[in-house]
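Here's a quick tour of a protein chain, going from the overall build down to a couple of individual spots. Have a look at the model first.

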Amino acid sequence: MNQILARRKEKLFVQAFIYLFALAWLFPFYTAIRNSLKVNGLQNYVDLFKHDINGISLSRTFVNSGLIAIGDTAIILLVASLGAYAFSKFKFFGKEVIYSVVLMCLAVPGVVIIIPFYKILTELHLYNTLGAVILGEVVLTLPFAILMLRNYYDNLPHELMEAANIDGASKLQVFYRVYLPLSVPALINLAVLSTMWSLQDFLLPLMFLTDKSLLTATVAVNTLKGLFGFTPADLGKFNAALVVLGMPAVVLFLLARKFIINGITSGAVKD
């Protein structure tokens, strides 16, 4: 009886903590929505996309953010899936050493690579292009992607490869005909996370993009903060911009939350 009561108290404590954490996260979002509608209502949202602000088109910034997110996610899925497949199913000289180096890259802060990466992009004539931000985000996200997908591939039986090899399939055929279809939930999870992180990225677009026509939504909102005044109408437009900025990632998470949860727990237990 005492154990049952203790478990109930523990469950109530955990639930209360989760609810408080959710409220703490939702309160700023609720405040932004309320302030965006306080003056002029929905017209604040219409004005953001109808009129350019000091030469900045907010709709264009969302297109730029979307193009970067798509390019970043596509490259990560391609490279990480192949790399994780090799680390999980192949035996080659120095495999664990190379994998350890990849994992060590997770500990490197993004700001550390800014200056050397800037020089590389300048030499390649990619500075001030969307490709510069895409490559930067790929470099920062790829170690995590390989780690997550390798854990997933480790849980898939090696006998599948042996059976396919008996049927005459090459290693690449085994990948895209056997293991790739089985890893769709993990790939969707990775795609959603990569897209959300890309849409929220502020540092790389700020450092590598200077042309107003190439600005991303995150950088544009920060720029607009200095353009708007402190009148109620301007504050309403600024808060509307914050709400619009946060909506894509929220909607994306709500649509794909099942895959995110499954992907996070996919490597928790090994057979």
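Below are some notes on the fold, a surface patch and one threonine.

## The overall build

Keep in mind that this is a predicted model. Along the principal axes, the C-alpha atoms fill a box of roughly 70 × 70 × 35 Å.

What share of the contacts with a separation of 6 or more links residues 24 or more positions apart? That share is 79%.

## Inside and outside

The protein chain has 271 residues, and 37% of them count as buried.

## A nonpolar patch

On the surface, Val108, Val111, Val112, Phe202, Leu203, Leu206 and Met207 form a nonpolar patch, and together they have about 540 Å² of accessible area. One of them, Val108, sits in the loop between α4 (95–104) and α5 (114–123). Val108 counts as partly exposed because its relative accessible area is 37%, between the 20% and 50% cut-offs.

## Thr216

Now for a loop residue: Thr216 lies between α10 (203–208) and α11 (217–227). Is Thr216 buried or exposed? Its relative accessible area is 4%, under the 20% cut-off, so Thr216 is buried.

The Thr216 side chain makes a polar contact with the side chain of Thr218, at 3.2 Å. Beyond its neighbours within four places in sequence, Thr216 is in contact with Thr61, Ser65, Ile68, Pro205 and Leu209.

Definitions and conventions:
Residues are numbered from 1 along each chain as its sequence is written. This is a predicted model: local features need pLDDT of at least 70, side-chain atom pairs count only at pLDDT 80 or more; totals for chains, interfaces and linings use all residues. Side-chain values use heavy atoms; hydrogens and water are left out. Helices (H or I, at least four residues) and strands (E, at least two) are DSSP runs, numbered from the N terminus. Buried means under 20% relative accessible area, exposed over 50%, partly exposed in between (1.4 Å probe, protein chains only). A polar contact is a pair of N or O atoms within 3.5 Å; within protein, one must be able to donate a hydrogen and the other to accept it, and residues adjacent in sequence count only if both atoms are side-chain atoms. Contact means heavy atoms within 4.5 Å. Patches are made of residues with over 30% relative accessible area and no salt bridge: like charges are joined within 9 Å, nonpolar side chains (Val, Leu, Ile, Met, Phe, Trp, Tyr) within 5 Å. Accessible areas come from the Shrake-Rupley method with a 1.4 Å probe; for residues, only the protein chains shown count as cover. A salt bridge is a side-chain nitrogen of Lys or Arg within 4 Å of a carboxyl oxygen of Asp or Glu.
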